[in-house]
Amino acid sequence: MAFQRNLSTPMLGLVWFGASVSLAEILTGTFFAPLGLSMGIAAIIIGHVIGCALFLLVSLVSAQTGMSAMQAVGRSFGRVGSGAFSAANVLQLVGWTAIMVMSGGAAATLLVPALGMAGWCIIIGALIVLWIAIGIKRMGTVQSAAAVLLFALTFVVSATVFGSGTPIPGMEDGSLSFGAAVELAAAMPLSWLPVAGDYTREAKRPNAGTVLATIAYGLGSCWMFVIGLGCALYAGSDDVAVVLAQAGMGIVGILVVVFSTVTTTFLDAQSAGVSANAIWSKLDPRICGIVAAVVGTVLAIVAPVGDFEDFLYLIGSVFAPMATIVIVDYFVLHRDSSAQLIDWRNAVLWLLGFILYRFSLGWDIPCGNTLPVMVIIAVVAIVADKVFLPSR
């Protein structure tokens with residue numbers, strides 16, 4: 001059966017704007033407070049340009065081929081390689097689901113404590129399951145409507161956060177270097193690398209849809225980071241729910257918390273199902289996505305899953321080298337190893353890239369460590385193709 005493309009260009013843009021509006025992105029923005037407002041915003045923008053460049057290129061591979069994100073990985077790493085990355089992706093997406101549901105549940109509990117943490121997690125988890133059950137053909141419309149609502153609400157949140165107009169003294173303490181801030185900003189779009197292609201492959205206009213999705217996510221994510229930065233600098237809080245509650249905006253807060261969590265997290269859970277299908281084609285992606293949402297919700301209630309800064313860096317170290325190799329193979333070398341069991345050359349390149357990425361976390365350079373690591377991996381991949389041409 002021919003692959004069906006179900007998402008128009010504007011709808012794909014709204015889907016990814018909805019994905020960018022999340023408590024995790026706002027919380028990450030609070031970490032930039034030591035740089036102050038102007039330097040913090042500069043680091044946020046530079047980091048997102050780097051991360052979104054990878055996001056765009058990886059997404060284009062899926063958009064142009066009609067392959068899911070993990071199927072596209074098979075072009076560079078073979079069937080076993082695709083299965084290995086798919087398994088890793090399922091694990092990290094269930095982890096993201098748990099983190100996001102827990103964050104949303106904690107914030108909602110602060111605003112409306114009567115339902116309790118478990119109650120709010122169950123409500124959010126149930127809405128995520130509903131989003132997945134709706135299906136990709138109707139999901140775009142629902143997600144777009146939610147994104148429009150969130151777009152309006154984020155103006156209200158921004159006005160509340162920056163309303164005082166006076167930053168709190170002593171927040172700019174220099175405890176975060178500019179390079180580390182750039183890397184942290186890049187890490188968030190990098191976390192979507194093994195997910196984005198599952199949705200851009202649905203684009204009716206592959207190139208235009210992917211470009212708009214990247215711009216919508218990048219601008220929305222930068223906006224959320226700046227709101228988080230404002231929470232820390234102007235309100236002295238790392239929790240936007242606290243700021244909204246203190247301003248007497250509980251209803252707005254609940255809408256933002258619940259819908260932002262659902263519009264972001266359902267993409268993770270649904271992609272976990274798509275990746276499971278890439279491992280074993282007999283698995284139903286929608287059912288697997290619902291299972292991922294349920295498991296993530298249970299973990300959010302019973303497991304300590306609140307700290308995600310190190311989790312972001314781990315995702316980057318696994319998937320940024322992988323994405324770089326996929327991009328070079330598709331756009332530069334025009335290699336396709338999908339018929340092979342495993343492409344050992346690229347497997348070794350990925351391992352070296354993973355080690356280099358972990359080692360580079362100790363670097364302190366203005367552009368962060370992702371960009372130089374990507375360049376090194378890309379150059380080595382091109383040179384290796386010239387040296388080991390018979391493996392083509």
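## Salt bridges

The protein chain holds 5 salt bridges, each a side-chain nitrogen of Lys or Arg within 4 Å of a carboxyl oxygen of Asp or Glu. The model is predicted: local features need pLDDT of at least 70, side-chain atom pairs count only at pLDDT 80 or more, and totals for chains, interfaces and linings use all residues. Residues are numbered from 1 along each chain as its sequence is written, and side-chain values use heavy atoms, with hydrogens and water left out.

One of the salt bridges pairs Asp336 with Arg75, at 3.4 Å from N to O. Asp336 sits in the loop between helix 13 (309–333) and helix 14, while Arg75 belongs to helix 4, so this pair ties together parts 261 residues apart in sequence. Helices here are DSSP runs (H or I, at least four residues), numbered from the N terminus. Asp336 is partly exposed, at 43% relative accessible area. Arg75 is buried, at 14%. The cut-offs are under 20% relative accessible area for buried, over 50% for exposed and in between for partly exposed, with a 1.4 Å probe and protein chains only.

## A charged network

Which side chain meets Asp343 in a salt bridge? The partner is Arg335, at 2.8 Å from N to O. Both Asp343 and Arg335 are buried.

Arg335 also forms a salt bridge with Asp385, at 3.8 Å from N to O. This pair links distant parts of the chain, 50 residues apart: Arg335 is in the loop between helix 13 and helix 14, and Asp385 is in helix 15 (residues 370–387). Arg335 has a relative accessible area of 2%, so Arg335 counts as buried. Asp385 is buried too, at 0%. Shared partners join Asp329, Arg335, Asp343, Arg345 and Asp385 into one network of salt bridges.

## The nonpolar core

The largest nonpolar core has 117 residues. Such a core is a set of buried Ala, Val, Leu, Ile, Met, Phe, Trp, Tyr and Cys residues joined through side-chain atoms within 4.5 Å. Trp16, Phe32, Phe85, Trp96, Ile128, Val240 and Met322 touch the most other members. Helix 4 (residues 69–111) gives the largest share of this core, 16 residues.

Phe85 shows what such packing looks like. Leaving out residues up to four places away in sequence, Phe85 touches Met70, Val73, Phe77, Val318, Phe319, Met322 and Trp350. Contact here means heavy atoms within 4.5 Å.

## The surface

A nonpolar surface patch of about 740 Å² is formed by Ile122, Ile287, Val291, Val294, Val295, Val298, Leu299, Ile301 and Val302. Patch residues have over 30% relative accessible area and no salt bridge; like charges are joined within 9 Å, nonpolar side chains (Val, Leu, Ile, Met, Phe, Trp, Tyr) within 5 Å. Helix 12 (residues 285–302) supplies the largest share, 8 residues. Val302 lies in helix 12. Val302 is exposed, at 63% relative accessibility.

Ala347 is in helix 14 (residues 344–360). Ala347 is partly exposed, at 22% relative accessibility. The C-alpha atoms of Ala347 and Ser76 are 8.8 Å apart, although the two residues are separated by 271 residues along the chain.

## Confidence

The mean pLDDT of the protein chain is 86, and 92% of the residues score at least 70. pLDDT is the predictor's confidence in each residue, from 0 to 100. Which element has the lowest mean pLDDT? That is helix 10 (residues 240–246), at 71, while helix 3 (residues 37–65) has the highest, 95. Where pLDDT is low, the predicted coordinates should not be read in detail.

Key:
Accessible areas come from the Shrake-Rupley method with a 1.4 Å probe; for residues, only the protein chains shown count as cover. Helices (H or I, at least four residues) and strands (E, at least two) are DSSP runs, numbered from the N terminus.
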